[in-house]
Amino acid sequence: MNLLLIDAIGPFFRDLPKGRINWSKIPFARLPLQDPQRRQRFTRIGQDLDTFAAQVREIGYNAVSLDDVAHLADHPWYEPEIRDRIAIFREEFRRLFALLKQQGLAIYLTMDVLTLTPRLKRKLYGDERRINSFLVELLDGFLCDFPEISGVILRIGESDGRDVKDRFHSELHIRTPEQLNRLLETLLPVFERAGRHLILRTWTVGAYPVGDCIWHRNTLARGLEGINSPAFILSMKHGESDFFRYLPLNPQFFATRVPKIIELQARREYEGCGEYPSFIGGDDEDQARQLRQAENVVGISVWCQTGGWLPFRRLAFLGDQAPWTEINAFVSLRIFAHGCSAREAVEHFCAWRGIQAVEAVWELLQLSESVIKNLLYIPEYAQQQLFFRRVRIPPLLSVYWNTIFINHSMRKLMRHFVHDGEACLNQAEEALQKIARMRVLAQQAGLPVADIDYMGETFSLLALAREYALLPYSEAMQTRLKQAKKNYKHRYPPGSRTRYKIKLSFKPFRLRRRYLGWLLQLLLRRQRGYRLIDHLLVLHLLALTYRLLQASRPKLIPKFARKRAMGLGTIFK
């Protein structure tokens, strides 16, 4: 494999205020632009980036990604004050780029299509030709100004979240595969002339007709029709959805002939973000074995910091605070780039870190993988293939980022999808017993025992929630859940950087289980292809209904769904 890429944004997240952080991009709006704060902050960033670069280079990565083209590429159409900010960022990032080049690392910059300022939005008017011409000018100038940049990573299917307050704000511009194809045909000559790479990410959140290109063969084929450029690389997540377990390897790896890389996530944004072990070596080994049959796989892209809206703060490869993320990043590289087994990769990691208790580490990591799959996930549900509109439904139920939902509606959903309740409860109990064993192993290996304790307390809540969902209801269970939440909040108080939120409610969900089943059968499908009812109702009429509801009764939509990330309404576009 030629391209061994890892994200390097961690140094930019030091000393941010308490609360939830948007980890999808460098927080440019929070970077000071006036001395002495500017000098102090960027000096610290440079020191941290040097530490990070030295470590990832030592273990074998040869390239890093940083954000983003919009904050570094100048253009006359921008507002004067924004051009002044860009000038400052360009000056500071040149120093950072020089540091990375001294470490022998190639540099890739991320980019959303399309990032706008108020003035630029008025200039472009949503005109596709005008937008594409602007992007050609912007990228041509950027690549000329920064010869140290090896390429640009283009994101078409996701934009800045609702919390981004920067004057720059990206919006979803590409709506059809034909638009995507025209964009690539327009931009690739710029990269060919400059001798750089354009890396296209297929990740989307399901918006617009292009929103299924991550899994729909025909959509991606239409988007890539006629694309045959030495500058082009396709980047795809390992599954047909976000970074979840239980997803088979994306079949698009075998349906495309262009050069491609696989995206992996070492800092598991849906699995604690490195606050407790969540080993991915087994999944990596299986995916790497399958990928040997795929054509033209040229590298990997490992996310060790990027992803999610979360309060968790551990920074990878900066000190000793993120061992579980670093293990995943190390093991993924060894498996995909060097053909190691997961066991061999762990042995190499222990040798690198000077850990003698290799057997204890290996057993602990295997147990963590089992606990995640059997208690954070609900196996019977997670193994089901479900699609809604253009999105493959995540296999994780009742836990979303750092929030655990325990309520009557979730209880009904779980009882609908889980038919063998006894087996499900037994899996939870066995997982808790494995966490007890993991604590002993962590002590033997000199790894953070407190992280295993935290995992145990959090996952005990998940096991109790499973009992509430699958056993007959009782007042005693309600009391147990309330007390468990109280104890958890006492141990991990509000504002804690390691705390899950527990959304506990016993308010009745009025829709009867039978009718809920009918509704789910109508809205969800178990096949990739669209049904007639999807074309008639789910893709179009349902989207109109949601927009009307959003306009007339917005409070009927839960706050987390309206405010978090891009908002639930995005998937109805």
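Visitor: How do you know that S15 and strand S16 (residues 403–406) pair?

Guide: DSSP must find at least two bridges between two strands for them to pair, and here 2 bridges join S15 to S16, with the strands running antiparallel. Val399 has Ile404 in S16 as its bridge partner. Strands (E, at least two residues) and helices (H or I, at least four) are DSSP runs, numbered from the N terminus. This is a predicted model, in which local features need pLDDT of at least 70 and side-chain atom pairs count only at pLDDT 80 or more, while totals for chains, interfaces and linings use all residues. Residues are numbered from 1 along each chain as its sequence is written, and side-chain values use heavy atoms, leaving out hydrogens and water.

Visitor: What makes S15 and S17 edge strands?

Guide: The open sheet has 3 strands in the order S15-S16-S17, with mixed pairing. S15 (399–400) and S17 (501–504) each have a single partner strand, so one side of each is left without a neighbour in the sheet.

Visitor: Why are H13 and H17 called roughly perpendicular?

Guide: The axes, lines fitted to C-alpha atoms over the stretch in contact, with angles from 0 to 180 degrees between N-to-C directions, cross at roughly 70° for H13 (residues 408–417) and H17 (residues 513–523). Roughly perpendicular covers 65 to 115 degrees (under 35 is roughly parallel, over 145 roughly antiparallel, the rest oblique), and H13 and H17 are therefore roughly perpendicular to each other.

Visitor: Which residues of H13 and H17 meet?

Guide: With contact meaning heavy atoms within 4.5 Å, Lys412, Leu413, Arg415, His416 and Phe417 in H13 meet Arg513, Leu516, Gly517 and Leu520 in H17.
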